[in-house]
Amino acid sequence: MAITGRTVLLVLLGAVPVLLAPQVTTVAVWAGAVALLVALDVLLAAAIGPLEVERSTAGAVRRGEQVESVLTLTNLGRRTARGLVRDAWQPSAGATGNRHRLRIPPEDGQRVRTPLRPTRRGDVRADRVTIRTYGPLGLAARQASRDVPGIVRVLPEFSSRRHLPSRLARLREMDGRTAVNVRGQGTEFDSLREYVVGDDVRAIDWRATARRSEVVVRTWRPERDRRVLIVLDSSRLSAARLGDAPRIDASIEAALLLTALATKAGDRVDLLAIDSSVQARVRGTHGPAVMAALADALSQVTPSLVEPDWARITQEVRDTLSQRALVVLLTGLEAGATETGMLPAVATIARDHQVILGSATDPAAEELRRGRETSADLFDAAAAERSDLEREALAARMQRGGSEIVERVPEALPPAVADTYLALKAAGRL
């Protein structure tokens with residue numbers, strides 16, 4: 001049973017005659033009258049047991065988008081149910097306006113809608129549904145809570161999709177759908193044209209040159225159906241806060257943009273999210289279904305405060321790929337990474353595959369480097385400079401081994417990785 005504000009007001013009003021006539025009998029009579037009215041109101045309130053509750057929700061939604069939780073309440077009792085219902089969700093669901101008024105006649109129903117705007121990836125779950133029915137006087141109410149399961153899968157936001165149209169335009173140019181042709185070794189032969197200054201002499205077709213009495217070169221079309229393996233590091237390196245979000249969010253955005261682009265290019269994309277163990281794996285899914293599969297898998301990936309197991313990462317790459325492919329490592333490039341075994345692992349992978357290592361950098365580091373006002377600022381600036389030098393030295397060693405290193409602030413990392421993919425494809429290195 002729940003006491004309402006009306007009951008409290010009625011008790012306070014009763015204090016006036018009690019103060020004027022403070023006899024025990026007056027107090028007892030007033031208290032008894034209030035108690036009787038409350039009990040009568042509770043008895044006349046609709047029972048909660050005959051109220052059936054069903055929930056329906058959307059299966060999945062992108063983070064930041066709005067979705068609704070719909071409760072359908074059916075009154076199987078003999079009295080009209082008047083009251084409130086509260087549709088509770090865990091905080092990250094972003095439930096607003098989750099308290100709704102009810103007035104359900106017997107053998108009738110009512111639907112109430114609670115808007116949700118999730119703020120975190122993963123599965124958000126409904127809490128209990130609380131129903132309160134009031135009596136005709138509004139002095140008291142019956143109240144009970146029920147478990148009405150509900151779940152919404154929150155997919156990555158994919159805000160980097162705004163960069164996709166411009167990259168697709170470049171891809172169409174490379175693919176020969178416009179007047180632009182690309183050249184390079186290891187790509188599909190397209191046509192012959194006259195040599196111009198700046199062309200690669202290795203592209204000259206000497207037989208055709210002899211027949212035409214002019215220098216001609218072969219043009220090439222990028223090969224399709226290449227293998228792309230995205231390895232997303234979900235270890236402690238991905239948990240570092242870069243601005244308002246962890247590094248893993250930037251890595252996920254880069255993975256989604258690259259997947260969308262590579263799929264349009266006709267390449268096959270697989271995903272591996274791993275730290276000391278495999279958190280998610282997408283393999284064998286191609287065509288339009290691959291984006292949905294990746295988004296669903298990445299929604300469940302969270303950073304683990306463990307060191308990355310580079311030996312296992314190397315083995316997983318070896319087990320997944322049987323021929324030369326593009327391996328995109330999305331991790332954190334830090335000075336201490338050499339101690340975890342990153343350098344030999346990347347070198348081992350680069351011997352058999354083309355490697356892109358993408359790392360989101362801290363946007364606050366530039367501010368630290370510029371600080372010169374106090375001695376503390378100078379120490380911070382020196383530390384930031386030293387960290388940059390060590391990271392640059394590490395990146396240089398990886399580049400000498402054949403890896404492409406892409407370091408950008410979180411917002412710029414996804415398009416930079418996509419541009420590197422297009423550059424490798426245009427150069428015939430995939």
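**Figure 1. Burial and overall composition of the predicted protein chain.** Of the 430 residues in this predicted model, 44% count as buried, where buried means under 20% relative accessible area, exposed over 50%, and partly exposed in between (1.4 Å probe, protein chains only). The chain comprises eleven helices and 20 strands; helices (H or I, at least four residues) and strands (E, at least two) are DSSP runs, numbered from the N terminus. Among contacts with a separation of 6 or more, 73% link residues 24 or more positions apart, a contact being heavy atoms within 4.5 Å. Residues are numbered from 1 along each chain as its sequence is written. Because the model is predicted, local features need pLDDT of at least 70 and side-chain atom pairs count only at pLDDT 80 or more, while totals for chains, interfaces and linings use all residues; side-chain values use heavy atoms, with hydrogens and water left out.

**Figure 2. The largest nonpolar core and the surroundings of I230****.** A nonpolar core is a set of buried Ala, Val, Leu, Ile, Met, Phe, Trp, Tyr and Cys residues joined through side-chain atoms within 4.5 Å. The largest one has 45 residues, and V228, I230, L261, L298, V328 and Y421 have the most contacts inside it. Helix α5 (residues 247–264) supplies the largest share of this core, eleven residues. Apart from neighbours within four places in sequence, I230 touches A255, L258, T259, V269, D270, L271, L272, V328 and L330. A second, separate core of 25 residues includes L229, M342, V355 and I405.

**Figure 3. Packing of helix α3 against helix α11****.** The axes of α3 (residues 164–174) and α11 (residues 413–426) come within 11 Å and cross at roughly 0°; axes are lines fitted to C-alpha atoms, for helices over the stretch in contact, and angles run from 0 to 180 degrees between N-to-C directions. The two helices, α3 and α11, are therefore roughly parallel to each other (angles under 35 degrees count as roughly parallel, over 145 as roughly antiparallel, 65 to 115 as roughly perpendicular and the rest as oblique). From α3, R167, R170, L171 and M174 meet P415, A418, D419, L422, K425 and A426 of α11. The residues of this contact divide into six nonpolar, no polar and four charged; Ala, Val, Leu, Ile, Met, Phe, Trp, Tyr, Cys and Pro count as nonpolar, Asp, Glu, Lys and Arg as charged, and the others, Gly among them, as polar.

**Figure 4. The buried arginine R391****.** R391 lies in helix α10 (residues 375–400) and, at 17% relative accessibility, counts as buried. Its side chain forms a polar contact of 2.6 Å with the side chain of E407; a polar contact is a pair of N or O atoms within 3.5 Å, where within protein one must be able to donate a hydrogen and the other to accept it, and residues adjacent in sequence count only if both atoms are side-chain atoms. Leaving aside neighbours within four places in sequence, R391 is in contact with L333 and E407.

**Figure 5. Loop residues P136 and N98****.** P136 sits in the loop between β8 (122–134) and β9 (140–147) and is exposed at 56% relative accessibility. P136 and A45 are 91 residues apart in sequence, yet 7.0 Å apart in space, C-alpha to C-alpha. By contrast, N98, in the loop between β5 (81–89) and β6 (99–104), is buried at 11% relative accessibility. Beyond neighbours within four places in sequence, N98 contacts V85, R86, D87, A88 and T114.
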